[in-house]
Each structure stands twice: as C-alpha cells, then as structure tokens.
Amino acid sequence: MRVRNSINGLICLLILSSGLFAQNKDESISPQRKQAIDSLALEKVRDLSKYISIIGNKSTPWSESQRVIERAVELFMENSEIGVSSVSKPDVAYYKVREYFDRLMKLNYDRVNIDWYKIQYVSDLERQPDGTYVGVITIYQRFQGFDKEKGLIYEDTTKKDITVYVKRKETQIGGRLIGFWDVLLGDIRVKETSK
Amino acid sequence: MTEIVQKIKSIQWQHYIFILLIAAIGVCSNGCKTTGKLSKKEQKAQIETAKKMLSEIINGTSSKSLETQLRTVNDIANRHYKDPEIDRMVEDARQVLKNAFAERDKQKQEQVDAARAELLDMLQNKDEKSADELEAELSKIKALNLGNKDINDLIAKVEQMIAGMRTHKTVPLKNQIENAFQGIADASKSGNSSQVMSLTRSTLQLFSSDDAPVLIIISREGPDYDKPTNIKLYLEFLRDQKASRNAVDSYMFDSEGKIKELDLIKK
C-alpha cells in the first residue's frame, strides 16, 4: 500500500513537472522583447487617437475621412464595439467600430475637438494559453463640440478602457520569413463620464 | 609522203594561226587547273593539316578566338574530304566549341551579376567611400566592357552620384529618406497639404513600386517586427500621425537601382 502511494506520488510529480517545463519552454520571450510589445500596443492606441481626431474634424475632406476610417477599422478585432456616453444621459451606447466612425464623422457640430491623454496600462499584457497577450489600456478623452455662432456648446471628459490583443504571426516578405506582432484592439468600454 | 607534204604546203597562213590558237587554249586549260582533282599527295597533306588543326581545337590548345576556331571547323567540314576520321574530329571539335561558347556565356553572366551587385552597393555606399574610391571601383567595372544595358544604366547612375558627391550636392540615401519622412510629418502638422503631396510623390520615385514592403523593427532580439506595410501606406501613416518615429535601418535595391524593400527601426 505504502509502495503504491509512493509510486502514485512520483507519477503526479512527474506530470506536474512536465507541465511546468512545457510552460517555461513557451514563455521564452525576454523582458526587452516584452517591453517592445508593450510599447507597440500603446503606440497603436495613440495612433487610433490621431485617427479619431482626423475623422471627427469637420474640415477633413470626405475622401480623406473615408481613407482614415479604413486605417482605423484595421486596428480593431472583428465585432469590436466602442462605447459612447454623454453627460446628459446615464446610459452608454455601444456601436460597432465602423458605425462609430460613421457617426463620428456626421456629428452635428460645426467644429469638434477630440483629444486622448493619460494613455496607460491598467492591466499589463499577459500571455494566454493560446499564445495571445491580452491587456487593458485606459485613456481619458476630452470631447468638445462647437457651434459657429455660439462657440463651445458641449464638453465632456470620459474615461475608457480598451482591451488589447497581441499575437505573434509570420509572413513571407521577399523570400524572408518575418515574425511580427499583430496588435488588435477589442472593445472600448466607457468607465466614467464627467463635465 | 609527197601527198602529206603537198597537203601541208596547201594550208593557208590563217589556218596555221587557227591551229596555234587551239593548241594554246589546250595548254592553258591544262596548266591553270587548280580546282580540279588534287594529286593524292596534296590531298593527303591537306588532310593531315586539317587533323592537326582539329586536334588543337579538340584539346583546347588552339590560341585562336572561339569564333575563328568555329570558322576553321566549318571550312574543313565544307571541303568534304570523305575521311571518317576527319568527320569524327569535326563533330568532336564542334561539341568542344559548343561547350566553350556556353562556358564563356556563363562566365560573362557571372561577371554581369557581380558587376550589378557591386554597382548597387556603390549606389548605397554604406561604407561611405569617397568619390575617388568609388571612381576607382567604377573604372574596374567599366574596363570589363560587358556591353549589358542594365549594367550601363547602373554605371550612369553611379557616375551621376559621384559627380554629385564632387559638387557636394548628393546626400546619402538613408538621410534622403529620413529627411523626406520628417518633411512629410512636419508639412502635415503645419497643414501644408501641397508640400505633403509633393514630398510623397518625390519619395515614391525612390521606390520600385507603391507596394514596396516596409518592415519596422521593434526589437532586434527576435528580431521582432510591427505588422508589415508598404511605402504608400507608410507615407500616408506619417501624414496622419504628423510624426516620424522610425529611422532607416536598411534597404534593398532592384536591378534598376530603386528601393524594393525598406527596413525601419524605432528611433
């Protein structure tokens, strides 16, 4: 009986250690590479903020807005949604990414300013079992809407969380096998809205 | 006998001249015969000479050019000596010359390829050689006299580059590209859309096509890249972001000296 228990214990130990070994083998990314991926994901969020400014800007020609919308949509995973809030309404509306940008372009103001700031991680990128790194980046958005005659007619500050997915992929470029990190944004959820 | 003499005496002087003329023609035709049948001795000598020449060609010891050797073989073949050994040697010589021509073409192609690679390196001038150093290298390539259009075009480009270096007008390509990127970002930031378009157009001309791949290194360890893009989209990205965050790491040229692939690295 005692011998059988010892053997069972040994088998369990072997299974556990092989699992650990497998995990360690997969997590071969160095801190420097991890930092590069963290920066890349943050950069994509900053890129999005610039695209949003261009799309929302009433002086941007329609064709330019359409081109930029395409670039912005490419940053997102399919079926991602973006939350929209207002100080005058308690509910948050969620729109599919493309619909959000189309609505942004057609906002009923003469001039719009949208600025994103304090862009930072609230949850670091962490490796999932399938190899994807997932994290959450938070942003503060200042929105200002102007009327030609009345000036500033609406203003709010919103805190939003953006889920970020980063996965390593490979492709052939000119005969070379290139390993790249594909950063895709998930849902943008509204956390707080204030005046 | 008396009758014969009487007959001879009866021949007029015109007849004598006529007979002499006929005789003269007969003698000349016999003496001028050079294309007719050779004597066996002469033919044997010619065959031996032909075998000797063919032997030199087959053994590769002939000092004449390949074209001259080929003419020699064809001349011998056209004489139709009806000698089996000659016929065999003619075939062997033709095969040897065929291989020799092929080898010469291969060597020439290798020279062309090597010259092309050298010229493209010179255009890139990664080692930042002086105009004199580049000129010396270019002279060696020109001396090869390769007679290839692509090579001549590249030579002209390098000559232009060297001339520009001597007049201090040429900026290294890496700097040209980075300056263009920064220029587009700055022009976009200041709202100068015509400057943006002008810089975009002139920058695209450095590239083999609008689809030329652009790879951005995010970490040399790996190495790890951002999602690949192309030069047209990258220039649009600079315009949208109004900032140039990447430096030129390396580039590859196509056979016409245009950039076919660009690697950037985070600044």
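Colleague: What makes β5(A) and β6(A) a hairpin pair, and which residue takes a positive phi there?

Modeller: In that hairpin 2 residues lie between the strands, and A:Gly174 takes a positive phi near 55°. Strands are DSSP runs of E, at least two residues, while helices are runs of H or I, at least four, numbered from the N terminus. Two strands pair if DSSP finds at least two bridges between them. β5(A) and β6(A), residues 176–194, are joined by 16 bridges and run antiparallel, so they count as paired.

A word on the source: this is a predicted model, where local features need pLDDT of at least 70 and side-chain atom pairs count only at pLDDT 80 or more, but totals for chains, interfaces and linings use all residues. Residues are numbered from 1 along each chain as its sequence is written, chains are lettered from A and ligands numbered from 1 in the order written, and side-chain values use heavy atoms, leaving out hydrogens and water.

Colleague: Which residue stands opposite A:Thr158?

Modeller: That is A:Thr193 in β6(A).

Colleague: Why is the meeting of A:Arg67 and B:Glu236 called a salt bridge?

Modeller: The term needs a side-chain nitrogen of Lys or Arg within 4 Å of a carboxyl oxygen of Asp or Glu. Here the N to O distance is 3.6 Å, so the pair qualifies. Across the interface of chain B and chain A, the rule finds 12 salt bridges.

Colleague: How many residues of each chain are in contact?

Modeller: Contact (heavy atoms within 4.5 Å) links 23 residues of chain B with 27 residues of chain A.
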